[in-house]
Amino acid sequence: MSTGTSASLAADQQSSARKRKIPLAVKLIYTAFVAVLVPVYLRSYGPTNFLYFCDIALFLTLAGMWLESSLLISMCSIGILLPQTLWLLDFGGQLVGFHGLGMTAYMFDHNLPLFTRGLSLFHGWLPLLLVWLLARLGYDKRAYPAWTALAAILVLISYFFLPPAGAHLANPNTPMNIDYVYGFNDHVPQHWMNQHLYVVVWIAVLWLVVFLPTHWVLRKVCRPAAGS
């Protein structure tokens, strides 16, 4: 093989390595985790559990990692970085006996197997993984309108088709009040305002208070994704 050919092959290999911004080992480990989580969650909670924002983000992150899509990773970051920070704070509060929003009360429900609850710790490490992925892929500003639209669809599905807060279900582990469309108490619907109005206000709050500030911060601190 000529020296020129060897140099060309080496250059091609280096170029290919640069294009793979996410190591294969990370993709495989994450895929294995999701492959374990899905059947366990299906058995414990049923399929509707996967309509939570955090679970949708879990799957979109899987696709985003394999496709190395900055748009998908950015969408997940818009959707869950701030809410999952609240999850971590609530979990820490529960550990020391302070009952805040109750978002993580299920993590201390001894009726659920410890392994199942342990899988839910992804709520804590997934935001860190997303930050690392953003550093590798960059932030795609198109994620803000894309995730906002997706979130509105998920809220409407949860409101019109899934069990409300306080529903009496055959399986007590079946999720109700998914994505908090009836308030933050899963046992009693909110009573501050008309429920239809509440859903509209909730979508607006998510848009203005959760997604928009996250979008602003990520645009400031992350490099732009190629082609965004």
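Predicted model: local features only at pLDDT ≥ 70, side-chain atom pairs only at ≥ 80, totals over all residues.
Is W125 buried, exposed or partly exposed?

1. Start with W125 itself. Its relative accessibility is 32%, so W125 counts as partly exposed. The cut-offs explain the label: buried means under 20%, exposed means over 50%, and partly exposed lies in between.

2. Next, look at the partner of W125. F33 and W125 form an aromatic pair, one of 17 aromatic pairs in the structure. A pair of aromatic rings is described by the distance of the centres and the angle of the planes. For F33 and W125, the centres are 5.1 Å apart and the planes stand at 75°, which makes the pair edge-to-face. This pair links distant parts of the chain, with F33 in helix α2 (residues 24–45) and W125 in helix α6, 92 residues apart. F33 has a relative accessibility of 17%, so F33 counts as buried.

3. Now move to S120, in the loop between α5 (114–119) and α6 (122–137). With a relative accessible area of 1%, S120 is buried. Leaving aside residues up to four places away in sequence, S120 touches Y41, W87, Y106 and M107. With Y41 there is also a polar contact between the two side chains, at 2.4 Å.

4. Finally, turn to another group of rings.

Conventions. Residues numbered from 1 in each chain as written. Heavy atoms only, no water. Helix = DSSP H or I, 4+ residues; strand = E, 2+ residues; numbered from the N terminus. Buried < 20%, exposed > 50% of the residue type's maximum accessible area, 1.4 Å probe, protein only. Contact = heavy atoms within 4.5 Å. Polar contact = N/O pair within 3.5 Å; in protein donor to acceptor, adjacent residues only side chain to side chain. Phe/Tyr/Trp six-rings, centres within 6.5 Å; stacked < 30°, edge-to-face > 60°.
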